[in-house]
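Hi,

Here is the structure I promised to send over.

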Amino acid sequence: MRDWVKQAQADAGERDGLTSSEREELAVLRQENRRLREDVEILKRATAFFAMESR
């Protein structure tokens, strides 16, 4: 229950910390960042594979 009160105070600007909408945005951005890092890793592996195939 304390966490809810702290979050409500942060949302109201009465307390330092991330608001609920900022927390949601951060979660979405972290998820997107993780997906993009995976995509980059796949592309690196594909590039290395095709580089070896062309030799």
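Below is what turned up, starting with the charged pairs and ending with the aromatic rings.

One thing to keep in mind as you read: this is a predicted model.

On the charged side, the count comes to two salt bridges. One joins the side chains of Arg35 and Asp39, at 3.2 Å from N to O. Both residues sit in helix H2, which covers residues 20-53, and they are four residues apart, or about one turn of the helix. As for how open this pair is, Asp39 counts as partly exposed because its relative accessibility is 31%. Arg35 comes out at 43%, so it is partly exposed too.

The other salt bridge links the side chains of Glu41 and Arg45, with 3.3 Å from N to O. Here again the two partners lie in helix H2, four residues apart, about one turn of the helix. Glu41 has a relative accessibility of 36% and therefore counts as partly exposed. Arg45, on the other hand, reaches 58%, so it counts as exposed, the cut-off for that being over 50%.

Now the rings. The structure holds one aromatic pair. It is made by Phe49 and Phe50, whose ring centres are 5.3 Å apart with 75° between the planes, an edge-to-face arrangement.

Cheers

Note on methods: Residues are numbered from 1 along each chain as its sequence is written. This is a predicted model: local features need pLDDT of at least 70, side-chain atom pairs count only at pLDDT 80 or more; totals for chains, interfaces and linings use all residues. Side-chain values use heavy atoms; hydrogens and water are left out. A salt bridge is a side-chain nitrogen of Lys or Arg within 4 Å of a carboxyl oxygen of Asp or Glu. Helices (H or I, at least four residues) and strands (E, at least two) are DSSP runs, numbered from the N terminus. Buried means under 20% relative accessible area, exposed over 50%, partly exposed in between (1.4 Å probe, protein chains only). Rings of Phe, Tyr and Trp (its six-membered ring) pair if their centres lie within 6.5 Å; planes under 30 degrees apart count as stacked, over 60 as edge-to-face and the rest as tilted.
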